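Please open your viewer and keep the selection tool at hand.

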Amino acid sequence: MNLDSRNVPYVISSFDLPDAGRLMVHNCEDCACAVSDDRHILGWIPVTSKNSLDMYTKFIYNRQIIEIPIDNEWKVLFNPLGNNGAVVVNLIVLELLHQLKHGSTFEEIFKDSNVGLKKWADTFQRLISLQVIQPAGILDRSPNFNNNQMLTAWLHITNACNLDCPYCYLNKTSEGMDEATGCATIEAIVNSALNNGFQSIKLKYAGGESTLNYPLILKLHDHAKTLMAEHDIQLHGVILSNGVSFSTKLINELKKRNIRIMISLDGIGYNHDSQRSLINGKPSFRLVDNTISKLIQSEYHPHISITVTQRNLNGLPEVVQYALERNLTFSLNFFRENDCAVHVHDLKYQENEMIDALLHTFEVIETHLPRWSILGAVLDRGQLIQSRKRPCGVGQDYIVIDQQGKVAKCHMEIEKTIGDVFRSDPLLLVRQDTKGVQNPSVDEKEGCKDCTWRYWCSGGCPVATFNATGRFDIKSPNCNIYKAIYPTALRLEGLRLLKFSGYQ
Ligand code: SF4
Ligand code: SF4
C-alpha cells in the first residue's frame, strides 16, 4: 500500500467504550431472555493486541463480513459468525481489507511503505483480534455460544389488573399469589438453580399488575436474598408494571432492594390510551407519565417497554423520542397473537407498515443517539449483541410460576401448566416437557439454516411462530421485517461507536 503520514487507520469496536459491557441493554424484560444483563457473568472478554504480529502468515479478509456504509468516510463491519459485534473502520482500513480479499501477508502489503508501520501493525493485529481478518485456509467457524449462567423466573404475583389492554394474553381474575405459595416458589427456584449449577437468578415480578400485590414482592425478594446469600447465588429482580400507580413508599422500597422497574408505555397520549385504558375505560397515559416523572425525580430510571401493534405504529417514533429525551432505556416488542386477543382485528400489523415505522423510529434514534447500544432493544426478539441459537430461555433456563404455584414454560402460555412447585423441581418439569411450547435451535428451523442473521435473530418467538404457522421448527412470520431492519440497526450502532468513542 502507498501510505503517507495522513493515512491514519481507525478501527473502533464497542470494547473501546469505557464500561462497554454495561452499555448493552437486552430486550428481555417482558420475555425470557437467554442473554444475561451483565456480560461479565458470561465472559465478556475485550480484545487485546498483546500477541506480536506474524509478518509472514497469509491473512484473508473474512468473507462472512457484512459491510454497511455509515457515510462517505466510515463503514460498519459485522461478522455474523464472530463474537465481537459491530466494528467501525475508515476508508483507508477498508482499502487494506479489500487488498486482503485473496490473502496476503503483512510484509507483502507494506513492503514498499516506510511510514507509520507500527500503527499499521497494531491495526492488523486488532483486525485479527476482532475476527475481521483471519489466517488464510481456516474454515468458517461458528461463534462461541456461552452457557447461560442465569436462571430466569417469571413470578405471577397476581392475576388481577387495573388495565384492560386488548392484546393481553391473560384471562384475568382477582386472585393474587399468597405468601405460603410465594415462599414455596422461591425455595423451589433456588433448588432448581442449585441442582443445575446456575450462578444467578433473575426474578421477574409480574402479573396482571404486579404492584397490586406489592407487599408480597418485597417479602419474597427479601426471602430470596437471604436464601441465595446462603448459597452464594446472585439475585437480580425486576418489577414489570403498567405504571398507573407507584407510591413514594414503594419506590423507596424498590430502590433500597435494587429491584429494577420496567414500565409499559405504548405511545404518547392517544397512542398509549388507545391500547392501554383503565378497566373503567378511562385513559391511563397521564398516570403513567406521572409515575415515570416521579421515578426520574427519585433518580430511579425505569426501563420502558413498548408493545407495537398496528394501532400504535404511527406513534412509535414519538414514544421512542420521549424515552431518549429522558435518558431512559427502552425496548420494542411486537404484538403476538393470542387466544384472548383473537377478536381484536386492528392489532395485527402489516409488514410494510411495520418496516416503515421502525425505519422512521431509527431516524429519531439517529438524532438522539443514546450512549447504550440499541442492538439488544429495537429488534423484537432478535438482538445483535450476543450470538445464540435460541431466541429465549423457554425449555432451557426459564420458569413461569402462576399465582397458585403451578409451573408453565412461557408466560404467554401461563394456563398450560405442567406441574407445581410443591411437588417437583420446576426447571426439570420445564426441561422434560415435550407437549407445550417447543424451542428448537435456529439450526433446526426451516428457512433459517442458511440465513446470515441466524445466530442473532434465532428465528423469532416460538409461540408467535406456532400461532401463525402451526409449527415451531420454521422461520418467524416476522422474518422479512427482521431482515429489513438489521442492517439499519447496525448502522446506528456504528454511529454510536463513532460518537461515544470520541471520533465524531
Ligand atoms: S427468521 Fe428470518 S431473519 Fe430470522 S434467522 Fe430465520 S431466516 Fe433469518
Ligand atoms: S416463547 Fe416467545 S413469548 Fe415465550 S418467552 Fe420465548 S420469546 Fe418470549
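Helices here are DSSP runs of H or I with at least four residues, strands are E runs of at least two, and both are numbered from the N terminus.

Before going further, note that this is a predicted model, where local features need pLDDT of at least 70, side-chain atom pairs count only at pLDDT 80 or more, and totals for chains, interfaces and linings use all residues. Residues are numbered from 1 along each chain as its sequence is written, chains are lettered from A and ligands numbered from 1 in the order written, and side-chain values use heavy atoms, leaving out hydrogens and water.

Now select 179-195 for α5 and 214-231 for α6: these helices pack at about 30°, their axes 10 Å apart. Axes are lines fitted to C-alpha atoms over the stretch in contact, and angles run from 0 to 180 degrees between N-to-C directions. The pair is therefore roughly parallel (angles under 35 degrees). In contact (heavy atoms within 4.5 Å) are, among them, I186 and V190 of α5 and L220 and L227 of α6.

Next, select E299, in the loop between α9 and β11. Its phi is positive, about 55°, although E299 is not a glycine. E299 is exposed (over 50% relative accessible area), at 63%.

Finally, go to D380, in the loop between α11 and β13. D380 also has a positive phi of about 55°, but D380 is buried (under 20%), at 4%.

Conventions. Angles under 35 degrees count as roughly parallel, over 145 as roughly antiparallel, 65 to 115 as roughly perpendicular and the rest as oblique. Buried means under 20% relative accessible area, exposed over 50%, partly exposed in between (1.4 Å probe, protein chains only).
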